[in-house]
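Here is a protein to walk through, one stop at a time. Keep the sequence and the 3D view side by side as you read.

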Amino acid sequence: MSDKNSASENLSKVWLSSPHMGKMEQKFVREAFETNWIAPLGPFVNRFEEDLQEYTGSPHAVALSSGTAALHLALILLGVDIGDEVICSSFTFSASCNPIVYQKAIPVFVDSESRTWNMSPLLLEKAIRDRISAGKKPKAIVLVHLYGMPAQMDKIMAIADQYEIPVIEDAAEALGSSFGGKALGTFGRYGILSFNGNKIITTSGGGALLCPDELSAQKARFLATQARDPAPHYQHSEIGYNYRLSNVCAAIGCGQMMVLPKRVQKRRAIFRYYKKRYRNAPGVKFLTEPAGSVCNQWLTTILIDPSKSKNGIDREQLRLALDAVNIEARPLWKPMHLQPIFQQYPAYTNGISEHLFEQGLCLPSGSNMHPNDMERITTILDGLLL
Ligand SMILES: *Cc1c(COP(=O)(O)O)cnc(C)c1O
């Protein structure tokens, strides 16, 4: 656009979170080419799955084309079907609940608690009781660990177990996070991961389903490869999907797994840097991990209360000031119960996610940010917040 501030055109873009390749990815991709394993299966898919199992401690991992595909398969494996109700965190990205609607099931949204910003155990129990007394027991719970922050898994799992409702953990943003020393994605019946371009590690696009047993992993692989019955003539007795991860993408994933611990360290260092600098800024708050939880700090987030902040600045003014110098920041996720497409569904709310959406901002958190990028960011933030 011609009227755009010309200064911003000269400054390279600082992204919220951009892909950060290590040393081995290209070598592995070359190996995939040299061996002609250019297919949605192959040695790198197997290796990537083993790497994920080893890192998370999950007995089985199935590499898939996206985190959304993994969620979809998890719902299918749990038998979620037309008209079933599925409880889902409201404070999340739409990919958490879209697959519920793919199954023609009904999402029932549950709001957040202020300690972790994730699903409120109190409201979860209220929602379950309410749905049961209305004659419809929820078929599953999609529980999201947003921005890598572990939900209160002890409480959530105790409630889910008490009512015998299986949990699908959406750990798309939470690879590298843990609760009580156990990796997220391994508490529920199923866990899902995402390797989309902006996640803590990426395969350009991809995901994984974490499964507790061999049988469900086999069934997931079967469904993800068009549900072909064991016959030479392509026979089908179920509807299948084309959801497997390409061996080329898995080659990238194998390289990324080698640097994942370093990526987590770096993101946590970025969080500490922001927090140290701005924790005493008026009206600014950070979300900190509760004792026993480790957050991968995929994105550093802040809350800005304009009734207390310097010159009454709000999150949108701050976002625009960063945008004007080509720095990407983003409001926190808009809760699902406030989305036009999901407004019609039942929701158990307490105002917390709505408040977070109003005051929250994600700051650039990429592990590949240059010190100059940090300097550009802090110049703006210092001026407006301190
Ligand atoms: C990214 C993301 C997904 C979806 O993962 P894709 O690989 O992009 O399909 C699901 N849930 C949450 C919370 C996410 O951030």
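Met24 touches Gly255 and Met258, leaving aside residues up to four places away in sequence. This is a predicted model, so every contact described here is computed from predicted positions. Where does Met24 sit? Its place is in the loop between α1 (6-10) and α2 (25-34). Now compare two distances. Met24 and Ile252 are 228 residues apart in sequence. In space, their C-alpha atoms are 8.1 Å apart. Met24 has a relative accessible area of 25%, so it counts as partly exposed.

Move on to helix α4, which spans residues 67-77. Is this helix largely enclosed or largely open? Nine of its 11 residues are buried, so α4 is largely enclosed by the rest of the structure. Among the buried residues are Gly67, His72 and Ile76. Several leucines of α4 are buried too, namely Leu71, Leu73 and Leu75. The alanines Ala69, Ala70 and Ala74 are also on the buried list.

Ser66 caps the N-terminal end of α4. A side-chain oxygen of Ser66 lies 3.3 Å from the backbone nitrogen of Thr68. After α4 comes Gly79. Its phi is positive, near 75 degrees.

Thr68 also leads us to the ligand. Which residues come nearest to the ligand? Of the 15 residues around it, they are Thr68, Asp170, Glu173, Ser194 and Lys199. Take a few polar pairs in turn. A nitrogen atom of the ligand is 2.7 Å from an N or O atom in the side chain of Asp170. Ser194 places a polar side-chain atom 2.7 Å from an oxygen atom of the ligand. Gly206 uses its backbone: a polar atom there is 3.5 Å from a ligand oxygen. How much of the ligand does the protein cover? On its own, the ligand has 380 Å² of accessible area, and the protein covers 94% of that. The space taken by the ligand is the largest pocket.

Next, turn to Thr92. Thr92 belongs to the loop between β2 (85-89) and α5 (98-102). Is Thr92 buried or exposed? Its relative accessibility is 2%, so Thr92 counts as buried. The cut-off for buried is under 20%. The side chain of Thr92 makes a polar contact with the side chain of Ser96, at 2.6 Å. Beyond residues up to four places away in sequence, Thr92 touches Val144, Leu146, Trp333, Lys334 and Met336.

Now check some backbone angles. Most residues other than glycine have a negative phi. Ser204 is not a glycine, yet its phi is positive, about 80 degrees. Find Ser204 in the loop between β8 (190-194) and β9 (207-211). Gln226 also has a positive phi without being glycine, with a value near 70 degrees. The loop that holds Gln226 runs between α8 (214-224) and α9 (247-278). With 37% relative accessibility, Gln226 counts as partly exposed.

Our last stop is Gly240, in the loop between α8 and α9. What does Gly240 touch? Its contacts are Leu223, Gln226 and Ala227, not counting residues up to four places away in sequence. Phe109 is another matter. Gly240 and Phe109 are 131 residues apart in sequence, and their C-alpha atoms are 28 Å apart in space.

Technical notes:
Residues numbered from 1 in each chain as written. Heavy atoms only, no water. Helix = DSSP H or I, 4+ residues; strand = E, 2+ residues; numbered from the N terminus. Buried < 20%, exposed > 50% of the residue type's maximum accessible area, 1.4 Å probe, protein only. Polar contact = N/O pair within 3.5 Å; in protein donor to acceptor, adjacent residues only side chain to side chain. Contact = heavy atoms within 4.5 Å. Near = heavy atom within 4 Å. Areas by Shrake-Rupley, 256 points an atom, 1.4 Å probe, with all protein chains shown as cover. 1 Å grid on protein atoms, 1.4 Å probe; cavity = no way out; pocket = protein on both sides within 12 Å on 5 of 7 lines; lining within 4 Å. Sits in = over half its atoms within 2 Å of the grid points.
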